[in-house]
Amino acid sequence: MRQGTVIKSTGSRYRVLDDTGTIYDCTIRGRFRTRGIRTTNPVAVGDHVTIDEQDGVICALTPRRNYIIRRASNLSKESQILAANIDQAFLMVTLKMPTTPVEFIDRFLASAEAYRIPVCLVINKSDLYGTDEMETAFRVKSVYEKVGYPVYIISVKQDIGIDQIKKALEGKVTLISGNSGVGKSSLLNRLNPSLSLKTEDISEYHEQGRHVTTFPEMHPVPGGGYVIDTPGIRGFGVIDFDRNEIYHFFPEIFRLSSGCRFYNCRHLNEPDCAVRAAVTSGAIEQWRYKSYVSMMLGESPKYR
Ligand SMILES: Nc1nc2c(ncn2[C@@H]2O[C@H](COP(=O)(O)OP(=O)(O)OP(=O)(O)O)[C@@H](O)[C@H]2O)c(=O)[nH]1
Ligand SMILES: [Mg+2]
Ligand SMILES: [Zn+2]
């Protein structure tokens, strides 16, 4: 028997890394259940497991510290566990080729707040930015840092800002998410060239990536720590929020909400709402509030 961590899961096969650095390809035996949700995969990347290395089977699962899920498909009631036991997430975004909508950032951050997973924003491809885009990048940086999220502006291609990324990854298990084509796999290749992850030119015409990475996979980074590369934007399941709780997941809105006249203020059109007052005064960023309202109204995001 050995203890190990699942570093890859492709349906029925699991790759497990033990603490001596040996890799085992395993299947599972017996029943593993995750309380409360129906999942298509009982064991996920990041899971700590006990394996029988003779038979190549996973025989026990250590309780998870946390996990993130996504719906297996739009129609399905079943969920897929994307990753477990994560210390933090990096959300990689780009202002060009492709352009990440801020609303996507806000939905991702709200989901991460709900999972209590700290997030760093990584704005990549700064080499492509002209003066206007650079200004936007710094504006985005100041808005999100004010809310409490660290923001890094980097260029994997020109090797700018990579040292800060290395430092932030040190000793942690980090999930890397972001829409297709933003450069997640490219960053991981830059950090650990021996990975040779597949990357692909995004189509100039669509300015969209094509989901090159298809299964979440965990990779060691030099200096200690692990990163989990996830498939495209769908990487972080937008969870089904309880409407009345959404404002808990916008930290700056939550902080001000105690000043509202009504304890159950939804911050939409109630009188004496401290949140709307803060939007008017500029203390809360307009686009953050718009994202909040859009989630409150149950609008579905327009991007894929
Ligand atoms: N100009 C520029 N291009 C970059 C940069 N980083 C990555 N790219 C390019 O962007 C394209 C997509 O990169 P990938 O690393 O495959 O993107 P990904 O986020 O892993 O995409 P999926 O696996 O589909 O989710 C590739 O052509 C990369 O060479 C950068 O800093 N600057
Ligand atoms: Mg990729
Ligand atoms: Zn209010």
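**Entry 1: the first hairpin**

Two strands pair if DSSP finds at least two bridges between them. I kept that cut-off in hand for the start of the chain, and I noted that this is a predicted model. Strand β1 covers residues 2–10, and strand β2 covers residues 13–18. I found six bridges between β1 and β2, in the antiparallel sense. Thr-10 has Arg-13 in β2 as its bridge partner. β1 and β2 form a hairpin, with two residues between them. I checked the turn next: Gly-11 has a positive phi of about 75 degrees there.

β1 also pairs with strand β4, residues 48–52. That pairing is antiparallel too, over four bridges. I looked up Arg-2 and found Ile-51 as its bridge partner in β4.

**Entry 2: overall counts and confidence**

I counted seven helices and 13 strands in the protein. The protein has 304 residues, of which 38% are buried. I then took the contacts between residues at least 6 apart in sequence: 64% of them join residues at least 24 apart.

I looked at confidence before going further. The mean pLDDT is 87, and 86% of the residues reach 70 or more. Residues 203–208 have pLDDT below 50. That stretch has eight contacts in the model beyond near neighbours in sequence. Where pLDDT is low, the predicted coordinates should not be read in detail.

**Entry 3: the core**

I went to the largest nonpolar core, which has 73 residues. Ala-44, Ala-83, Leu-91, Leu-121 and Ile-123 have the most contacts inside this core. Which helix gives the core its largest share? Helix α1, residues 102–115, supplies six residues.

Beyond four places in sequence, Ile-123 touches Val-93, Thr-94 and Leu-95, among others. Its list also includes Ala-137 and Val-140, as well as Val-151, Tyr-152, Ile-153 and Ile-154.

**Entry 4: helix α2**

I checked the length of α2: its 17 residues reach 25 Å from first C-alpha to last. That is close to the 24 Å expected at 1.5 Å a residue.

Which residues of α2 are buried? I found Ala-137, Val-140, Val-143 and Tyr-144. They lie on the same side of α2, because they cover an arc of only 135 degrees around the axis. Thr-131, Glu-135, Arg-139, Ser-142 and Glu-145 are exposed on the other side. The cover over the buried residues includes β9 (119–124) and β10 (151–153). Just after α2, I noted a positive phi of about 130 degrees at Gly-148.

Back to Ala-137. I found 20 other C-beta atoms within 10 Å of Ala-137, so this residue is buried; the cut-off is 20 or more. Ala-137 is in contact with Leu-95, Ile-123, Ser-126, Tyr-129 and Ile-153, leaving aside neighbours within four places in sequence. Leu-95 is 42 residues away along the chain, yet the two C-alpha atoms are separated by 7.5 Å.

**Entry 5: helix α4**

I moved on to helix α4, residues 184–191. Its buried residues are Lys-184, Ser-185, Leu-187, Leu-188 and Leu-191. Down the axis of α4 they fall within an arc of 155 degrees, so they line one face of the helix.

**Entry 6: two loop residues**

I looked up Thr-62 in the loop between β5 (57–61) and β6 (67–71). Is Thr-62 buried or partly exposed? Thr-62 has 13 C-beta neighbours inside 10 Å, so I put it down as partly exposed. Beyond four places in sequence, Thr-62 is in contact with His-48 and Val-49. Thr-62 and Val-49 are 13 residues apart in sequence, and their C-alpha atoms are 5.8 Å apart.

My last stop was Glu-270, in the loop between α5 (251–256) and α6 (274–281). Glu-270 is partly exposed because 14 other C-beta atoms lie within 10 Å. Leaving aside neighbours within four places in sequence, I found Glu-270 in contact with Cys-260, Phe-262 and Cys-265. Cys-260 is 10 residues from Glu-270 in sequence and 8.8 Å away in space, C-alpha to C-alpha.

Note on methods: Residues are numbered from 1 along each chain as its sequence is written. Chains are lettered from A and ligands numbered from 1 in the order in which they are written. This is a predicted model: local features need pLDDT of at least 70, side-chain atom pairs count only at pLDDT 80 or more; totals for chains, interfaces and linings use all residues. A nonpolar core is a set of buried Ala, Val, Leu, Ile, Met, Phe, Trp, Tyr and Cys residues joined through C-beta atoms within 7 Å. A residue is buried if 20 or more other C-beta atoms lie within 10 Å of its own, exposed if 12 or fewer, and partly exposed in between; C-beta atoms are placed from the backbone. Two residues are in contact if their C-beta atoms, placed from the backbone, lie within 7 Å. The arc is that of the directions from the helix axis to the C-beta atoms. The expected span of a helix is 1.5 Å times one less than its number of residues. pLDDT is the predictor's confidence in each residue, from 0 to 100.
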